Amino acid sequence: MMGCEMNPADTLLYLSIILPVHNEEHRLPVTLQELEIFLSQQNFSYEVIIVENGSHDRSYELAYEFCKDHPRFKVLREKERGKGLAVRTGMLNARGQYRMFCDVDFSMPVGEILRFLPPNNPNADIVIGSREAPGAVRYDEPAYRHFIGRIFNTMVRFAVLPALQDSQCGFKLFTGACADDVFHKQTLTGMSFDVEVLFIARRSGYRISEIPVPWYFNPDSRVRLLDDSLRMAVDLFVIRRNAARGIYGSG
Ligand SMILES: Nc1nc2c(ncn2[C@@H]2O[C@H](COP(=O)(O)OP(=O)(O)O)[C@@H](O)[C@H]2O)c(=O)[nH]1
Ligand SMILES: [Mg+2]
């Protein structure tokens with residue numbers, strides 16, 4: 001943004017929302033409705049990109065039907081499973097000046113999206129929702145889930161991202177230029193893609209703001225606790241190895 005006198009409606013496309021979708025036939029229709037109502041009340045232009053992959057249910061068909069009646073919404077599809085793959089596809093196909101990915105369950109209330117956008121967080125290239133920053137509240141999360149999350153975060157901080165308190169919250173906003181740059185360099189396609197993308201961003205000198213969000217635990221999860229946790233731990237070493245091999249460029 002070039003200053004507060006600029007009217008977001010003047011720009012070509014202000015905000016892109018990317019929704020990664022895997023077996024979401026129950027939650028998706030409600031979320032699309034809510035998102036449409038919220039976005040249509042704003043004074044800026046927007047697009048919503050739904051990226052479905054690997055579902056065994058009617059997620060894609062439901063998304064397709066919704067998009068037919070809502071021209072600002074579109075749906076893309078990838079063959080392989082993986083949240084990281086879906087988010088990358090969405091980010092690189094988006095045209096917004098700001099691009100944000102959001103979990104379909106909207107465990108953070110949809111209205112919070114505005115807190116990620118200017119004039120908040122001046123100077124940030126990336127704004128990430130955090131369940132650990134001062135002021136954040138976690139509702140209904142079982143202690144064991146929080147505990148597993150904190151173990152992972154300790155590993156993340158130790159291995160790749162010092163001082164970052166929550167890399168895994170499903171709500172993150174990037175400026176368009178930053179998204180084009182970092183998502184091109186992303187290699188991981190699973191659940192730990194956030195860590196890699198933030199690692200690449202930091203190395204490249206982008207500024208990351210962590211903002212506290214109210215977050216409601218949803219027991220209906222696509223995360224396979226054991227499989228995905230192990231994979232995510234291994235991925236931290238993959239990131240370090242990639243960095244050592246120069247795969248993310250110098251920096
Ligand atoms: N496209 C795509 N999205 C996925 C995949 N796995 C998870 N997601 C999406 O990632 C988001 C977060 O998943 P969720 O089950 O809420 O994770 P949790 O909150 O960590 O338990 C949801 O929008 C899921 O549909 C995947 O393989 N492909
Ligand atoms: Mg969730």
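Let's start with a helix pair: the axes of H1 (residues 28-40) and H2 (residues 59-69) come within 10 Å and cross at roughly 25 degrees (axes are lines fitted to C-alpha atoms, for helices over the stretch in contact, with angles running from 0 to 180 degrees between N-to-C directions). That makes H1 and H2 roughly parallel, a label for angles under 35 degrees. Their crossing is right-handed, as the near helix is turned clockwise from the far one by less than a right angle. Where do they meet? Leu28, Pro29 and Leu32 of H1 touch Ser59, Leu62, Ala63 and Phe66 of H2 (C-beta atoms, placed from the backbone, within 7 Å). This contact has six nonpolar residues, one polar and no charged; Ala, Val, Leu, Ile, Met, Phe, Trp, Tyr, Cys and Pro count as nonpolar, Asp, Glu, Lys and Arg as charged, and the others, Gly among them, as polar.

All this is a predicted model, where local features need pLDDT of at least 70 and side-chain atom pairs 80 or more, while totals for chains, interfaces and linings use all residues. Residues are numbered from 1 along each chain as its sequence is written, with chains lettered from A and ligands numbered from 1 in the order written.

Zooming out, the chain holds eight helices and nine strands (DSSP runs numbered from the N terminus: H or I of at least four residues, E of at least two). Its C-alpha atoms fill a box of roughly 45 × 45 × 35 Å along the principal axes.

Now to ligand 1: 21 residues surround it, the closest being His22, Ala86, Val104, Ser221 and Arg222 (C-beta, placed from the backbone, within 6 Å). S2 (46-53) is among the suppliers of at least two shell residues, along with S1 (15-21) and H3 (83-93), and S2 gives the most, with three. The shell divides into six nonpolar, eight polar and seven charged residues.

Notes: Parallel < 35°, antiparallel > 145°, perpendicular 65-115°, else oblique. Contact = placed C-beta atoms within 7 Å.
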